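Please consider the sequence and the model shown here. The account that follows moves from the overall fold to individual residues.

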Amino acid sequence: MSTKRIATLIFIIITMLTVMMPLSASAAPTINAGSFSSVAGKITANSGIVIPSMIKPLPDKKPIPDEVELPILMYHHIDEVGDGAVTISEALFEEHIEYLTSNGWTPISFDELIAYTDGEGSLPEKPIIIVFDDGYESNYSLAFPILSKYNAKATVCVIGVSIGKSTYKDTEQPIIPHFDWEAARELVDSGLVSIQHHTYDMHMSALYETGILRSSALKLQNETDEEYAAALTADYNKLSALIESELGYTPNVFAYPNGQYDDSAEELLHSLGARVTLTTDTGINVVRRGDSGSLYLLKRYTMNQNTDLETLQLYLDGQE
């Protein structure tokens, strides 16, 4: 009988024993491992047939931790040179993303984070969140190709009144261009980017406003509680309705304009459906499974041209 036929016969016999014999230790067949290895080696060498391992134990499933440490990186505009405020160069931004992904960090979405706190999902070993504030066109034209290259998720918190604009509202004053709804749809359709809330028009500029200046989501001086609640509610619902109409989902992440917040704003935003609120306070967040409250007033590190890789690593280590 040829070696190949012998090999096939042995394989069939072992397979039948594995399927048909009881799994108890007393009933299991005894196989001389040394002699079988010798035969198997000859079979493999002479016939090209490889006999697979019989039974492999299932890998241990890691328990889902009760809490995770979560750094959040806050970007704004991207150009060729960057600055020391809120702009970063395209080259340095790619260095950031390459550094993160090659050092075990996984950029996640807020949906994944919310699912974790709701007890419905797990997170990777080293989660991190990337956020862009304001919705600049460079987020689409420069950042998005880099995010796609590294399969990195991100969130863009847009100012509703500025979407698709390159001039300040009701003026001819030039501003850094913002991407339009067509670009927003492409970002969302990629599965990598979520568009979220940075108010419709509560991020006004003192340089161009001639009337009442509302540069944050806080109550204005001399404004009553009722007037303030009505103003924030109307603004929040206006942008939410736009996102629902243009992108097909309800936003649930709110980034405070200029990082300014208080208890009244928090209470209102919770009632309006915000599951996450973002500040500009710095530090590492601790998010707890089963604790939706740990998603409020999350801290973020501001990224700009001064954030070299050494500084980035200090942030990731929780050193400010």
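Predicted model: local features only at pLDDT ≥ 70, side-chain atom pairs only at ≥ 80, totals over all residues.

Residues are numbered from 1 along each chain as its sequence is written, and side-chain values use heavy atoms, with hydrogens and water left out.

Of its 320 residues, 41% count as buried. Buried means under 20% relative accessible area, exposed over 50% and partly exposed in between, for a 1.4 Å probe and protein chains only. Among contacts (heavy atoms within 4.5 Å) between residues at least 6 apart in sequence, 65% join residues at least 24 apart.

The largest pocket has a volume of about 600 Å³. A pocket is defined on a 1 Å grid over the protein atoms alone, as an open set of points where a 1.4 Å probe fits, with protein on both sides within 12 Å along at least five of seven lines; its lining residues have an atom within 4 Å of a point. Grid points are joined across faces, edges and corners, and the volume is the space filled by probe spheres set on the points. The lining comprises 31 residues, of which D134, Y136, I159, H203 and S205 lie nearest the centre of the pocket. By class, 13 of the lining residues are nonpolar, twelve polar and six charged. In this scheme Ala, Val, Leu, Ile, Met, Phe, Trp, Tyr, Cys and Pro are nonpolar, Asp, Glu, Lys and Arg are charged, and the others, Gly among them, are polar.

H198 is found in the loop between strand 8 (193-197) and helix 7 (225-247), and it counts as buried because its relative accessible area is 2%. The side chain of H198 makes a polar contact with the side chain of D134 at 3.2 Å. A polar contact is a pair of N or O atoms within 3.5 Å; within protein, one must be able to donate a hydrogen and the other to accept it, and residues adjacent in sequence count only if both atoms are side-chain atoms. A polar atom of the H198 side chain also lies 2.7 Å from the backbone oxygen of A255. T199, in the loop between strand 8 and helix 7, has a positive phi near 75° although it is a residue other than glycine. T199 is buried, at 0% relative accessibility.

Aromatic pairs are the next topic. Rings of Phe, Tyr and Trp (its six-membered ring) pair if their centres lie within 6.5 Å; planes under 30 degrees apart count as stacked, over 60 as edge-to-face and the rest as tilted. The count comes to nine aromatic pairs. One of them, Y140 and F144, is stacked, at 6.3 Å centre to centre with 15° between the planes. Y140 and F144 are separated by about one helical turn, because they stand four residues apart in helix 5 (residues 137-149). Y140 is partly exposed at 23% relative accessibility, whereas F144 is buried at 9%. Y236 and F254 form a tilted pair, 6.1 Å centre to centre with 35° between the planes. This pair links distant parts of the chain, as Y236 belongs to helix 7 and F254 to strand 9 (residues 253-255), 18 residues apart. Y236 is buried, with a relative accessible area of 2%, and F254 is buried, with 1%. Ring pairs join Y236, F254, Y256 and Y261 into a cluster.

Helix 5 also contains E137, which is partly exposed at 31% relative accessibility. E137 touches P177, H178 and F179, not counting residues up to four places away in sequence. In the loop between helix 5 and strand 7 (154-158) is N151, a non-glycine residue with a positive phi of about 55°. N151 counts as exposed, at 58% relative accessibility.

T307 lies in the loop between strand 12 (301-302) and helix 9 (309-316), and it is buried at 2% relative accessibility. The C-alpha atoms of T307 and I88 are 8.5 Å apart in space, although these residues are 219 apart in sequence.

Conventions. Helix = DSSP H or I, 4+ residues; strand = E, 2+ residues; numbered from the N terminus.
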